[in-house]
Amino acid sequence: MAVTSFGEHAEESLHFIRRTMERSSTFTAVPGLGGVGMGAIGRAAAILAANQRSAERWLVVWLLAAAIALGIGVTAMFLKAAHLGAPLAGAVGRRFAMSLAAPLVAGAALTWGVWMRDDWGLMPAVWLLLYGTGVLAGGVFSVAAVRLLGVAFMALGVAALATPPAWGNVWLGMGFGGLQLAFGLYIARRHGG
């Protein structure tokens, strides 16, 4: 049995402390399978919304889809956190939630404002940009894929601004359907649940 030097023991201890601190500062309860479910809802919403005869009905489809997807995401997050033994009420979980919630509340307020002014063409860009902002901000406390997802949503939001308003539903389908589904699968495979 070899005797380790004090320096080697100290180095091992520092590595252990560093790994422990990294784990405690990362929000790991982002649900991959929940993202897949949210993406499936987004795809269905894009198809249903595209077939509505009025802007009001289009909005109702997307708002119902958002409520259902939020329920799926929150439920999946609680299940994954319970499975991992990761506290959602801890400091990192609270920071993640606050970072995500602020842009979503702003998005809700802007949705109301855009609706009141009858400027439907801006809604897809507002939703994609602010959801992307929230995901990117919350992703600072999570795995790198979450930050990349936020940036991708923001890119789609910019594309929605740069293209004719009639394309808005396509961008929403690509983001809330395609991106959410693809990143959900990736997160589920690489980071579980």
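Modeller: M38, L70, L100, L104 and Y131 lie nearest the centre of the largest pocket, which has 44 lining residues. (A pocket is an open set of points on a 1 Å grid over the protein atoms alone where a 1.4 Å probe fits, with protein on both sides within 12 Å along at least five of seven lines; lining residues have an atom within 4 Å of a point.) Two or more lining residues come from each of α2 (32-50), α3 (55-84), α4 (91-116), α5, α6 (144-162) and α7; helices are DSSP runs of H or I with at least four residues, numbered from the N terminus. The biggest contributor is α3, with eleven residues. By class, the lining has 33 nonpolar residues, eleven polar ones and no charged ones, with Gly counted as polar and Tyr as nonpolar.

This is a predicted model, with local features needing pLDDT of at least 70, side-chain atom pairs pLDDT 80 or more, and totals for linings using all residues. Numbering runs from 1 along each chain, and side-chain values use heavy atoms without hydrogens or water.

Two of those lining helices also pack together: the axes of α5 (residues 123-139) and α7 (residues 168-191), fitted to C-alpha atoms, come within 9 Å and cross at roughly 25°. That makes α5 roughly parallel to α7 (under 35 degrees). On the α5 side, P124, W127, L128 and Y131 meet G168, W171, L172, G175, F176 and Q180 of α7, with contact meaning heavy atoms within 4.5 Å. This contact involves seven nonpolar residues, three polar and no charged.

Definitions and conventions
Axes fitted to C-alpha atoms, helices over the stretch in contact; angles between N-to-C directions. Parallel < 35°, antiparallel > 145°, perpendicular 65-115°, else oblique.
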